[in-house]
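I opened the model and kept notes as I went. The entries follow the order in which I looked things up.

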Amino acid sequence: MSSYAARRTALRRELQAANLDALLVTNLLNVRYLTGFTGSNAAVLVDVNGDDTTVFCTDGRYLTQSAKQVPDLERLIDRPCDTALARRAKGRLGFESHHVTVDGRDGLTAAAGKAELVKAGGLVEKLRLVKDEVEIEALRMACAAADRALAALIGHGGLRAGRTEREVARELENRMLDHGAAGPSFSSIVAFGANSAVPHHSPTDAVLHTGDFIKLDFGALVDGYHSDMTRTLVLGKPADWQRDLYDLVARSQAAGRNALEPGVEVSAVDHASREVIEKAGHGDEFLHGLGHGVGLEIHEAPALSKAGAGTLSAGMAVTVEPGVYLSGRGGVRIEDTLVVRDSGPELLTLTTKELVVV
């Protein structure tokens, strides 16, 4: 059984538990998760009955592509796909209410006829919380591309006085492409000096000077899966305050990583990391949650934060990224992508977390 077929089997169990006869999947990322299709227009109708009675729909532009990517399902070539599939539904038809617009629901109601539309948002996302080994391998490759890109950036003198944040961001993203990425996971954050105290700083023409912190938050996209990593470096000899701040965040990050165990509350993971910073008197300068899930989206459930709900399970892929930001001076964030395992977290981002001086 392919990984896609296994996922559809798992989804049918969710449909049975929700007393649904079928689910209309219109979120393209969820379509990709269930079928492997990567085009820009598609939907699937997953029936609860049978071994695999899923019907895949796309339009004529993707006739050839869909034949290659989705060879194991009945294909319907039509447009719009959502109403075309809704016309084939019977009984209680779940739909992705978190994705469908109000107008879209009206169209589905008209197309479904006697079928009863039932809000069923989040069923596929529930499955996506725990990654299978195919997904984890894609994440591993994405993290490796980012690791190699950073090593090449540093090794070829990409971080030198006089360069701008924009120049470094462009080079870093190009080097990820050189090392197997389809693109960056998101717009890279490159922040020098005082700008490193802004958690989500956008690169500017600010120039790198000796003694500056260099905060790099970036990721690579491989086979649709996102990596996410932050490293904070120093150009030239670090000042004592920079080493102290870095060491604090490193200890906090280690505490968060060590707390990643199946069954642990996500809020408890945040607390384990945050407590280290709070005891050092910098709790007010840790300005965000500890981390988030990663996968087909750069930000997925679960949320590792004070307000996060739920527990970790083996196979979840998450980030751990504490930071302390001293306004007007500089900030440090250290972030890894990891997989929760029964035997302890698997680290996917392998670049050293020692303070790198360039």
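**Entry 1: the end of H2.** I began at Gly 36, which follows H2 and has a positive phi, near 90 degrees. This is a predicted model, so I read every value here as computed from predicted atoms. Which residues of H2 are buried? I listed Asn 30, Val 31, Tyr 33, Leu 34 and Thr 35.

Entry 2: I moved on to Asn 41, in the loop between H2 and S2. Is Asn 41 buried or exposed? Its relative accessibility is 17%, so Asn 41 counts as buried, the cut-off being under 20%. I looked for a polar partner next. The side chain of Asn 41 makes a polar contact with the side chain of Asp 59, at 2.7 Å.

**Entry 3: the largest nonpolar core.** I asked which of its 35 residues touch the most other members. They are Leu 11, Leu 15, Leu 23, Leu 34 and Phe 56. I then checked where the members come from. Helix H1 (3-17), strand S1 (22-25), helix H2 (28-35), strand S2 (43-47), helix H6 (123-128) and helix H7 (133-155) each give at least two residues. H7 supplies the largest share, four residues. The core also takes at least three residues from each of domain 1 (3-128) and domain 2 (130-357).

**Entry 4: two members up close.** I took Leu 11 first. Not counting residues up to four places away in sequence, Leu 11 touches Leu 23, Leu 34, Val 46, Leu 123, Val 124 and Leu 127. I followed that list to Val 124, which lies in helix H6. Val 124 has 1% relative accessibility, so this residue counts as buried. Leaving aside neighbours within four places in sequence, Val 124 is in contact with Leu 11, Leu 23, Val 25, Asn 30, Tyr 33, Leu 34 and Glu 96. Three of these names took me back to Entry 1: Asn 30, Tyr 33 and Leu 34 are among the buried residues of H2. I also took one distance across the sequence. Val 124 and Ala 10 are 114 residues apart in sequence, and 9.4 Å apart in space, C-alpha to C-alpha.

**Entry 5: the domains.** I read the domain assignment: domain 1 (3-128) and domain 2 (130-357). How many Å separate their centres? I get 35 Å over C-alpha atoms. At the boundary, seven residues of domain 1 are in contact with 11 residues of domain 2.

**Entry 6: the whole chain.** I counted 10 helices and 19 strands. The radius of gyration is 23 Å, close to the 21 Å from the globule rule for 358 residues, so the chain is as compact as a globular protein of that length. The C-alpha trace spans about 70 × 40 × 40 Å along its principal axes. I find 53% of the 358 residues buried. Among contacts between residues at least 6 apart in sequence, 65% join residues at least 24 apart.

Key: Residues numbered from 1 in each chain as written. Predicted model: local features only at pLDDT ≥ 70, side-chain atom pairs only at ≥ 80, totals over all residues. Heavy atoms only, no water. Core = buried A, V, L, I, M, F, W, Y, C linked by side-chain atoms within 4.5 Å. Buried < 20%, exposed > 50% of the residue type's maximum accessible area, 1.4 Å probe, protein only. Domains from an automatic or database assignment. Contact = heavy atoms within 4.5 Å. Rg over C-alpha atoms; globule rule 2.2 N^0.38 Å. Polar contact = N/O pair within 3.5 Å; in protein donor to acceptor, adjacent residues only side chain to side chain.
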